[in-house]
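Dear colleague,

Please find the structure below. My notes on its surface and its salt bridges follow.

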Amino acid sequence: NVILFSFKLIIGIISGSISIIADGINNLSDMGSSIINLICFKLSGMPADDEHPYGHERIEYIAGLIISIIIIMVGGHFLYQSVMKIFNVSATTINLLTIIVLVVSILIKVWQMIFNYKIAKLINSVALEATASDSRNDIITTTVILIGSIITYLYPNIIIDGYLGVFVSLFILIAGIKLIKDTTNPLIGISVDHEFVKKVIDTIKNYDEIVIGIHDPVCHIYGPTTKFMSIHVEVPADVSIIKSHEIIDNIEHDIKKTFGVELVIHMDPVDTKCELMAYLKDKIVNKVFEISPLLSIHDFRIVTGYTNKNIIFDMVLPYKTNIKKDEIYNELLAILKLENENYNLIINFENSYVKE
């Protein structure tokens, strides 16, 4: 990147091309980004301590954020310079050496993009993915400048350098804004990849000797390789608590070994032999699906009083829904009242922490 910056700066000054100088400064910012990555990789690799018990891996997201800000600053500066050149037209002198340097620059950036993408996938690095994306953007912008330079070389009277500079600057700005979104989302807290959570849940379901239901998965990410997860697992109430606990312990250990997730399982005992509960649950589940396939229930139970029976369960609502809680409650209560006037309904509404 230093070499590319040096050649482009010299050629840009000699030719009077603001777009080539902008592209060169962009390479200089790439060098700065690489230095930031090196420092942040070193810091994020530090072990957990008293102040940071979950480790320091999120520093990598901060590195990506810093890189994004640098990209936006570079883009903003050269957008201004390019607009000024449009209004203050000056001749641009392009020669064969300029075109050769731009072609070599594109080839180097192609190699950088492939290299960074491969390493990013290998070590699951958000910062290197951002760097690889930046290299891809450099290929596009330098290619546009190359085409413009060829046009200027063949037709010196056509002056498009300022417009090319605006294009490059806007491309850099858009890329920087997108990278800010990509790097700040993990810091704010985003939903964990659905496919990953599904693999964990499917693995737990394989323990079908005791696992009869799973709900309420909650997953926290503290870096590319550090994940904490809790989940509720329904187990038969008539199985020994010692046996259930032992199997649950085995599941937690297997999940950590397979997926690298620190898993905590909450056991929910379920009465699998109560015919009334199975009958009412089936009625409620069918009605819930009729209201919306996006709804789901769990922790279904019956609490018997002196004169009434309380039908209690939890319901998961999607974040974006037009369905009113009161409407759901009234429709389900009507179903129960048809069965027995002494049935009461208690619903605990909650949201899912996992992206569907």
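**Findings**

Ile150 lies in helix α5 (helices are DSSP runs of H or I of at least four residues, numbered from the N terminus). The model is predicted: local features need pLDDT of at least 70 and side-chain atom pairs pLDDT 80 or more, while totals for chains, interfaces and linings use all residues. Numbering starts from 1 along each chain as its sequence is written, and side-chain values use heavy atoms, without hydrogens and water.

With a relative accessible area of 33%, Ile150 is partly exposed (buried is under 20%, exposed over 50%, partly exposed in between, with a 1.4 Å probe and protein chains only). Ile150 belongs to a nonpolar surface patch of about 900 Å² accessible area together, whose members include Leu96, Tyr153 and Ile158 (residues with over 30% relative accessible area and no salt bridge, nonpolar side chains being joined within 5 Å; areas by the Shrake-Rupley method with a 1.4 Å probe). Helices α4 (96-123) and α5 (126-154) each give two or more residues to the patch, and α4 gives the most, with five.

There are eight salt bridges (a side-chain nitrogen of Lys or Arg within 4 Å of a carboxyl oxygen of Asp or Glu). Lys287, Glu290 and Glu331 form a network of them. Lys287 is buried at 16%, whereas Glu290 is exposed at 60%; their closest N and O atoms are 3.1 Å apart. The Glu331 to Lys287 bridge spans 3.5 Å. Glu331 lies in helix α10 and Lys287 in helix α9, so this pair ties together parts 44 residues apart in sequence.

Kind regards

Key. Patch = residues over 30% accessible without salt bridge, like charges linked within 9 Å, V, L, I, M, F, W, Y side chains within 5 Å.
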